[in-house]
Amino acid sequence: MHMPAAKPESWVRVRPEGLFVEPGGFFIDPVRRVERALVTHGHGDHARPGNRRVLATPETLAIMRLRYGDDSGALQPLAYGEPIEIGGVRVTLVPAGHVLGSAQAVLEWQGSRVVVSGDYKRRPDPTCAPFELVRCDVFVTEATFALPVFRHPPDAEEIAKVLHMQALFPERSMLIGVYALGKCQRVIALLRRAGWDRPIYIHGPLAAMCGLYEELGVKLGELRLATEATKDELKGQIVLSPPAAGTDRWTRRLPDPIQAVASGWMRVRQRARQRGVELPLVISDHADWDELLQTVREVEADEVWVTHGREEALMHAAALMGRKARALALVGYEDEEEG
């Protein structure tokens, strides 16, 4: 006799610690310390220290080791496309296209398939594997930029603005605020692709992650520490720093810097103005509105579960496509800085 497939909500549940896969006894991106965690990627709101055992891609584990050292937990690497069984649940990691090592968790149990996408983007990125589409019964998605106002322009257009501004003002330096993991290395790679072959200057806190990317095979070209350069040397140069460090004392060594920030949030002009950003660069590591809708359509899931972000707009759009939609209302995931 053919057994009906297990209802997804009967085995994947929201608990205070995060999304819990009950038959496997593990949490996905838990926000509190747990016994077993599957981590989708290395950003601090998804990969937290203190879990006892952690399953993730080798790249994500390397990022966690760099950031947390011995507090990373007992680490078990799982390469893309290699299935493993945990408590009868078949788990496979596939690329999410968000940052280096980012993964979607494909969970299969008793004839039911749930894909937990973590954070993801659909457009090509020279620093990480591209998003891989997996058809499923339930698609668990973020909604960081789930409003029609968020339509990200082509990356090349935004990078062209940087090079145009640099050519217009060769006596000034260009200071671009970038998140340390993913955005920094992607902006460097995009600049290289656009033909910028000169050294790129970085603020100290970005150096370790750039070094790890190089170790993991992502070539970034010549990088120099901005704090070791003279004011004269930094004329006409491109300098990267964490967004929050863009107004710190160290920036006094920069000759009349043009303030830029690379983030999907730069689509909101008021936000750019409030932060004193002269050159907003709409470069995001998340899917935009059109890409979110495209993904919901293409995975062909009967149900869409929304983890965090602008849930209502995405749920409404999914319902118009004939999908059942629900908000998981998971707390603890913040995308304000690393958009």
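**Figure 1. Residues around the largest cavity of the predicted model.** In this predicted model, 14 residues line the largest cavity. Nearest its centre lie Asp29, Val116, Thr307, Leu330 and Tyr333. Two elements each give two or more residues to this lining: β11 (138-143) and β18 (303-309). The largest share, 3 residues, comes from β11. By type, the lining holds 6 nonpolar, 6 polar and 2 charged residues.

**Figure 2. The space inside.** The structure holds 2 cavities of 30 Å³ or more. The largest cavity contains about 110 Å³ of space.

**Figure 3. Glutamate 298 meets arginine 122.** Side chains of opposite charge can pair when their charged atoms come close. Across the whole structure, a search finds 26 salt bridges. One of them joins the side chains of glutamate 298 and arginine 122, at 3.0 Å from N to O. Glutamate 298 sits in helix α6 (residues 289-299). Arginine 122 sits in the loop between β10 (112-116) and β11. The two residues are 176 residues apart, so this pair links distant parts of the chain.

**Figure 4. Arginine 123 pairs with aspartate 288.** The closest N and O atoms of this salt bridge are 3.6 Å apart. Arginine 123 lies in the loop between β10 and β11. Aspartate 288 lies in the loop between β17 (279-281) and α6. The pair therefore ties together parts that are 165 residues apart in sequence. Buried means under 20% relative accessible area. Arginine 123 has 18% relative accessibility, so this residue counts as buried. Aspartate 288 is buried too, with a relative accessible area of 3%.

**Figure 5. Arginine 172 pairs with glutamate 278.** In this salt bridge, the closest N and O atoms are 3.2 Å apart. Arginine 172 is in the loop between α2 (155-168) and β12 (174-177). Glutamate 278 is in the loop between α5 (269-274) and β17. The partners are 106 residues apart, and their pairing links distant parts of the chain. Arginine 172 is buried, with a relative accessible area of 15%. Glutamate 278 is partly exposed, at 41%.

Methods
Residues numbered from 1 in each chain as written. Predicted model: local features only at pLDDT ≥ 70, side-chain atom pairs only at ≥ 80, totals over all residues. Heavy atoms only, no water. 1 Å grid on protein atoms, 1.4 Å probe; cavity = no way out; pocket = protein on both sides within 12 Å on 5 of 7 lines; lining within 4 Å. Points joined across faces, edges and corners; volume = space filled by probe spheres on them. Helix = DSSP H or I, 4+ residues; strand = E, 2+ residues; numbered from the N terminus. Nonpolar A, V, L, I, M, F, W, Y, C, P; charged D, E, K, R; others polar. Salt bridge = Lys/Arg side-chain N within 4 Å of Asp/Glu carboxyl O. Buried < 20%, exposed > 50% of the residue type's maximum accessible area, 1.4 Å probe, protein only.
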